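Good morning, colleagues. Please look at the sequence and the structure on the screen; I shall speak about the interfaces.

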Amino acid sequence: MSRTDVVVTGLGATTPLGGDVASTWDAMLAGRSGVGPLTQEWAGQLSVRIAAQLAVEPSEKIDRVKLRRLDRSEAIALIAAHEAWADAGLADTGLDPERLGVSIGSGIGGATTLLAQDDILEASGPRRVSPHTVPMLMPNGPAAWVGLELGAQAGVHSVASACATGAEAIALGLDMIRAGRADVVVAGGTEAVIHPLPIAGFASMRAMSTRNDDPERASRPWDKGRDGFVLGEGAGVVVLERADHAAARGARVYARLAGAGLTSDGYDIVQPHPEGRGAIRAIAKAIADAGIAKGDIVHVNAHATSTPVGDVAEIYALHAALGDHPVITATKSMTGHLLGAAGALESIASILAIRDSVVPPTINLDDPDDKLDMDVAAHKARPLDIPAVLNNSFGFGGHNVALVFTRA
Amino acid sequence: MTRDEITSGLAEILEEVAGVNPDDVAEEKSFTDDLDVDSLSMVEVVVAAEEKFGVKIPDNEVQNLKSVGDAVTYIESNL
């Protein structure tokens, strides 16, 4: 039996670089940084006072009353999902709602709602806690809202695997279509936790950059001067569709989601395996699942978050799994680290790299790490014919997800 | 405080919480059927009304407040 082909027919995003896919992609190709200073009053007490905040506030797209009952992560998931849905042209095509699924995750969920309501509880008592609190903070909230607004009835799912969430959600969408449970899945990730508590927590782990005086240069994967990741917020959503379903309606196809590889390290709650074993296996599985040879991967959108240990560990893994031929890039140098949305946004960058035959740049790579012995699209976008691209995502907890997109 | 003043106070709350047009708020209007206020928003309306008018509206009273007029009467007699 031949396996079901799955293609990407819609893209949506709201990110630190732009309020939609087109503006985000333009900014990426131009090598712009979305990182800036945190000017909120609470930022003064923190060791980290920079972040990659949304370029366009959700209030510009969603009315005030509706926003009152949405966590920010839910609001931006809705914005990205509606863009992807419209982009796919699926409205009014007669798609059976029972064949439409949703798979959208978040790394942390509605933490800002939880903390804001806790402030109200402490200051004014339990009766003042909003009746919208639970649906706003529940981690399945973004997926549920998207499912509700699109009328999806094939199943609404929300995986959580920290910084691998967005990629894992897309992999689950692939599984849903291959298993025959849906013809179309709206899949991706969302994150919005720019708040003193999550920042303090990550900062206490010494995981974040403290280059407060130079925000646009703070996220610098593989550079010798890197000192941690920069927290970003945003959402990325793709529309996955059974290939024959897309063909039958004459849909525009961006790329094929050819394969996925998912592994777990079983090693440490936050440290990746020092030899990258879990990452290597995930990459190998994704390539095997795609039915291609490792030499076919000419470009990798790396996980590379700008941490001293992780960036180099990924290089080892790429060497072991692929050799040294691909052109790699770290778009987090521009977007910051969107945690649960990262894998989805970077999938979109990978897909558009195929479409436009161009590798988006890695900015701030001024003084490459001695252990970096692969070809990076440093500083400037690089024209490249890309039949197949690999997108890596790794998360706290030892989650490794590799996705392979190929030209349709 | 007159009934009209209470009604217009409720209209402000309904606009803030549920996006109801203040011009649509009148005593004979039902919160759910006419003004489209769902159960969670109704909880917000009640809490905001308690704060605004300085009254207590116990949960077992809320179910009797079907119309704006019901709420006005309750608030007026408990001020």
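Across the interface of domain 1 and domain 2 of chain A in this predicted model, 23 residue pairs are in polar contact, both residues at pLDDT 80 or more. On the side of domain 1 of chain A that touches domain 2 of chain A, the elements supplying at least two residues each include β1 (6-14), β4 (100-106) and α7 (165-178) of chain A. The greatest contribution to that side is from α7(A), with eight residues. By class, that side of domain 1 holds 33 nonpolar, 20 polar and twelve charged residues.

Seven salt bridges are counted between the two domains of chain A. In a salt bridge between A:D311 and A:R226, the side chains meet at 3.5 Å, N to O.

How much area do domain 1 and domain 2 of chain A bury between them? The figure is about 4700 Å², with 69% of it on carbon and sulfur atoms. Of the area that domain 1 of chain A buries against domain 2 of chain A, A:W25, A:C163 and A:W222 supply 20%, more than any other three residues.

I turn now to the two chains. Between chain B and chain A, the buried area is about 1100 Å², and carbon and sulfur atoms give 38% of that. The contact draws 17 residues from chain B and nine residues from chain A.

Here, too, salt bridges are found: seven are counted between chain B and chain A. A:R64 and B:E16 form a salt bridge through their side chains (3.5 Å, N to O).

Terms used: Residues numbered from 1 in each chain as written. Chains lettered and ligands numbered in written order. Predicted model: local features only at pLDDT ≥ 70, side-chain atom pairs only at ≥ 80, totals over all residues. Heavy atoms only, no water. Contact = heavy atoms within 4.5 Å. Buried area = accessible area lost by both parts, 1.4 Å probe. Salt bridge = Lys/Arg side-chain N within 4 Å of Asp/Glu carboxyl O. Polar contact = N/O pair within 3.5 Å; in protein donor to acceptor, adjacent residues only side chain to side chain. Helix = DSSP H or I, 4+ residues; strand = E, 2+ residues; numbered from the N terminus. Nonpolar A, V, L, I, M, F, W, Y, C, P; charged D, E, K, R; others polar.
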